[in-house]
Amino acid sequence: MDRWLQQFARTNLVRSSDTAHDLKTPLNVAVLNLELLKMRARKLMEQDDPKLMAYAASIEVELRRMARIFDSFFLLSTPPKGEGAPSSVELPPLAAAAAEEAGYTLETDGQSFRTIGHEARIRQAFKLFLEGAASVLAPEGRAVHIARQEGRFHLIASGRPRAEDFEPTKIFKFYYTDPSGNPDLSLATARLIAETYGGELIATQESDKVSLRIGFPPGEE
């Protein structure tokens, strides 16, 4: 990294948590005042106006979505407070535990694979990855397995997409909305965590099958 860019990165590291809090404060105030506005509108009208309530609900959804984006980006793009430098982390047990929690039985092949990272963050990345996979992939035929490709450890979820108009590029956006109409930052956040430790999260599609793949590089302390 160029020396002048290092100062940008260092400043972002130091100020990210405070910035996230500062950004969320006006959002929380806006949500509170929106609720007060709805209450006032009900008092002024003899009955609820469906359109007014729908507009208010939509605004609230977007404000809460913005708050979650701030949390994900500003807090998870920097190291966790109080945990020190990244250390060597064994990935197969973390992947297996996350899969079991999500309802899968994962065969880990018994081989070790270690990367450099913060264990809590990588555990969170696997959890979010599987939550996101459940959101975009139909439950029928959905499967999870691990692979070691090009020297990297990969956790892979595959199956048919829930949405007929599925687009792989959209599911990694922080503004993504799932097929049920709910804001879903799971895959975007999992990708952010993976990339901070030199990993990746990608999606590929062949015919009616989609594969989601989160991977981490090998590492030694």
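Predicted model: local features only at pLDDT ≥ 70, side-chain atom pairs only at ≥ 80, totals over all residues.

User: Which hand does the crossing of α3 and α4 have, left-handed or right-handed?

Analyst: The crossing of α3 and α4 is right-handed. Residues are numbered from 1 along each chain as its sequence is written, and side-chain values use heavy atoms, with hydrogens and water left out.

User: What are the helices and strands of the chain, and in which order do they run?

Analyst: The chain has five helices and six strands. Starting at the N terminus, their order is α-α-β-α-β-α-β-β-α-β-β. Helices (H or I, at least four residues) and strands (E, at least two) are DSSP runs, numbered from the N terminus.

User: Why is α3 called oblique to α4?

Analyst: The two helices pack at an angle of about 40 degrees, and their axes are 9 Å apart. That angle makes α3 oblique to α4. The classes are roughly parallel under 35 degrees, roughly antiparallel over 145, roughly perpendicular from 65 to 115, and oblique for the rest. The axes are lines fitted to C-alpha atoms, for helices over the stretch in contact, and the angles run from 0 to 180 degrees between N-to-C directions.

User: What makes α4 and α5 roughly antiparallel?

Analyst: Helix α4 (residues 119–136) and helix α5 (residues 186–196) pack at an angle of about 150 degrees, with axes 8 Å apart. This angle makes α4 roughly antiparallel to α5. The crossing in which α4 passes α5 is left-handed. The contact includes Leu 128, Phe 129 and Val 136 of α4, together with Leu 187, Ala 190 and Ile 193 of α5.

User: What makes α5 a mostly covered helix?

Analyst: Eight of the 11 residues of α5 are buried. Buried means under 20% relative accessible area, exposed means over 50%, and partly exposed lies in between (1.4 Å probe, protein chains only). The buried residues include Ser 186, Thr 189 and Leu 192. Among the elements that cover them are α2 (50–76), α4, β5 (200–206) and β6 (209–216). Glu 195 also belongs to helix α5, but its relative accessible area is 47%, so Glu 195 is partly exposed. Just after α5, Gly 198 has a positive phi of about 80 degrees.

User: Why are Glu 150 and Ser 207 called exposed?

Analyst: Glu 150 counts as exposed because its relative accessibility is 84%. Ser 207 counts as exposed because its relative accessibility is 70%. Glu 150 lies in the loop between β3 (143–149) and β4, and Ser 207 in the loop between β5 and β6. Glu 150 has a positive phi of about 55 degrees although it is not a glycine; Ser 207, also not a glycine, has a positive phi of about 55 degrees.

User: How many aromatic pairs are there, and what makes the pair of Phe 73 and Phe 74 edge-to-face?

Analyst: The whole structure holds five aromatic pairs. In the pair of Phe 73 and Phe 74, the centres are 5.6 Å apart and the planes 90 degrees apart, which is edge-to-face. Rings of Phe, Tyr and Trp (its six-membered ring) pair if their centres lie within 6.5 Å; planes under 30 degrees apart are stacked, over 60 edge-to-face, and the rest tilted. Phe 74 is buried at 18%, whereas Phe 73 is partly exposed at 37%.

User: Why is the pair of Phe 113 and Phe 153 said to tie parts of the chain together?

Analyst: This pair is tilted, at 5.7 Å centre to centre and 40 degrees between the planes. Phe 113 lies in the loop between α3 (91–101) and β2 (114–117) and Phe 153 in strand β4 (residues 152–159), so the pair ties together parts that are 40 residues apart in sequence. Phe 113 is buried at 10%, and Phe 153 is buried at 0%.

Notes: Left-handed = near helix turned anticlockwise from the far one by under 90°. Contact = heavy atoms within 4.5 Å.
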